[in-house]
Amino acid sequence: MASNGLTNGSSAAPTSRFDPNFTSHVIKTMGPNMTPRNREVLSSLIRHLHDFAREVELTNDEWMTGVHFVNFIGQTSTKTRNEAHRISDVLGLESLVDEIANKIIAEGDIDPTSSSILGPFWSPNAPFRDNGSTIIQNPNPKGRVCKMHGTISDLLTGKPIPGAVFDIWQASANGKYDFQDPENQTPNNLRGKFTADENGKYWFYCYHPTAYSLPTDGPAYQLLTLMDRHPMRPAHLHIMVTHPEFRGCTTQLYPKDDPWLETDTVFAVKDDLVVDFKPLKGDDKAVLELEYNVVLSPKGYKGKTF
């Protein structure tokens, strides 16, 4: 009869005060009807979780604090606030998973546009808008209007990709997204989808992005405070570029002069995503201009293998 993973009467000299068979015993209790992937993931999770507890010699009080913290995450989450998502962000987990899933090193001199985290604010309901129009439905007096434009092209051929969809969303100049700010913003303010023309080009009007703080009233901020870290995200634009024949790219773009680039609280900044907003003259609709070209890899392209 097993007790904590050890059989009675074991005479092996202990090498640790911890039961060396406990973790394997927990894993072996999983039943035969699991999928292979679920078995792989959960077995690894249990091993790492147990190793962590042994490494730091987790106390009962610390374990219970963690239990209460997980409960607090659930209690804080709502239909418009995904606190578990935010916790994974401030721990760098979403950025790491994004890199594992999407990082491609091309065989040539140009890599596809880097991905970055989706974040919790994307909406599938953003409307299609005409090229040359604006995503600004509710003007903010502090907003600096920017004309954004560029070309979407094929990594392998360099040719434009007509019909690619450029989906953009951003916070307003007050640092809030539409559904966080119903008093000042109507649904789909600062959101829109644009279809690239026959030359792979897109263009529209948006705001220069604004830096903002993560909420400071929940468990994510408690965790940041515990780690002596700030809650600030650098100013950024979210984009998602897709086409049926190409691997889509979800990413974020950051002004090069933003003071939070080096310490982004969700670790999502990459060098090729740092951009230069330039003054724009001769356009009465905007004071700034951003040209950003997107490079997509064909579906199935793997790039260099390591």
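**Stop 1: The whole chain**

Before you click on anything, keep in mind that this is a predicted model. You will find 6 helices and 14 strands in the protein. Turn the view around: along the principal axes, the C-alpha atoms fill a box of roughly 85 × 45 × 35 Å. The protein has 306 residues, and 42% of them are buried. If you draw the contacts between residues at least 6 apart in sequence, 70% of them join residues at least 24 apart.

**Stop 2**

**Stop 3: The largest pocket**

Now select Leu49, Phe52, Leu58, Glu62 and Gly66. Of the 29 residues lining the largest pocket, these five are the closest to its centre. The pocket holds about 1100 Å³ of space. Next, highlight α2 (36-56), α3 (60-76), α4 (83-90) and α6 (219-226), the elements that each give two or more residues to this lining. Which element gives the largest share of the lining? That is α3, with 8 residues.

**Stop 4: Ile46, on helix α2**

Stay with helix α2 and select Ile46, which sits in this helix. Is Ile46 buried or exposed? Its relative accessible area is 18%, and buried means under 20%, so Ile46 counts as buried. To see what surrounds Ile46, show Thr23, Val26 and Ile27, its contacts once neighbours within four places in sequence are left aside. Ile27 is 19 residues away from Ile46 along the chain, yet their C-alpha atoms are separated by 7.3 Å.

**Stop 5: The second largest pocket**

Select Asn102, Pro112, Thr113, Ser114 and Ser115. The second largest pocket is lined by 17 residues, and these five lie nearest its centre. About 260 Å³ of space lies in this pocket. Highlight α5 (93-102), β10 (246-255) and β14 (294-296), because each supplies at least two residues of the lining by the way helices and strands are assigned here. The element that gives the most is β10, with 3 residues. Colouring by type shows 5 nonpolar, 6 polar and 6 charged residues in the lining.

**Stop 6: Ser116**

Step along to Ser116, in the loop between α5 and β3. Ser116 is buried, with a relative accessible area of 3%. Show its side chain together with Ala268: the backbone oxygen of Ala268 lies 3.0 Å from a polar atom of the Ser116 side chain. Not counting residues up to four places away in sequence, Ser116 touches several others, including Asp98, Thr250, Tyr254 and Leu273.

**Stop 7: Asn138**

Asn138 is found in the loop between α5 and β3 (145-154). Select it and show its side chain. Which backbone atom does the Asn138 side chain reach at 2.7 Å? It is the backbone nitrogen of Thr186. Asn138 is buried, at 18% relative accessible area. Beyond residues up to four places away in sequence, Asn138 touches Asn184, Gln185, Thr186, Asn189 and Tyr207.

**Stop 8: Two residues with positive phi**

First select Leu190, in the loop between β4 (165-169) and β5 (191-195). Leu190 is not a glycine, but it has a positive phi of about 60 degrees. It is buried, with a relative accessible area of 0%.

Then go to Asp228, in the loop between α6 and β8 (232-233). Asp228 has a positive phi of about 55 degrees, and it is not a glycine either. Is Asp228 buried or exposed? Its relative accessibility is 71%, so it counts as exposed.

Conventions: Residues are numbered from 1 along each chain as its sequence is written. This is a predicted model: local features need pLDDT of at least 70, side-chain atom pairs count only at pLDDT 80 or more; totals for chains, interfaces and linings use all residues. Side-chain values use heavy atoms; hydrogens and water are left out. On a 1 Å grid over the protein atoms alone, a cavity is a set of points where a 1.4 Å probe fits but cannot get out, and a pocket is an open set with protein on both sides within 12 Å along at least five of seven lines; lining residues have an atom within 4 Å of a point. Grid points are joined across faces, edges and corners, and a volume is the space filled by probe spheres set on the points. Helices (H or I, at least four residues) and strands (E, at least two) are DSSP runs, numbered from the N terminus. Ala, Val, Leu, Ile, Met, Phe, Trp, Tyr, Cys and Pro count as nonpolar, Asp, Glu, Lys and Arg as charged, and the others, Gly among them, as polar. Buried means under 20% relative accessible area, exposed over 50%, partly exposed in between (1.4 Å probe, protein chains only). A polar contact is a pair of N or O atoms within 3.5 Å; within protein, one must be able to donate a hydrogen and the other to accept it, and residues adjacent in sequence count only if both atoms are side-chain atoms. Contact means heavy atoms within 4.5 Å.
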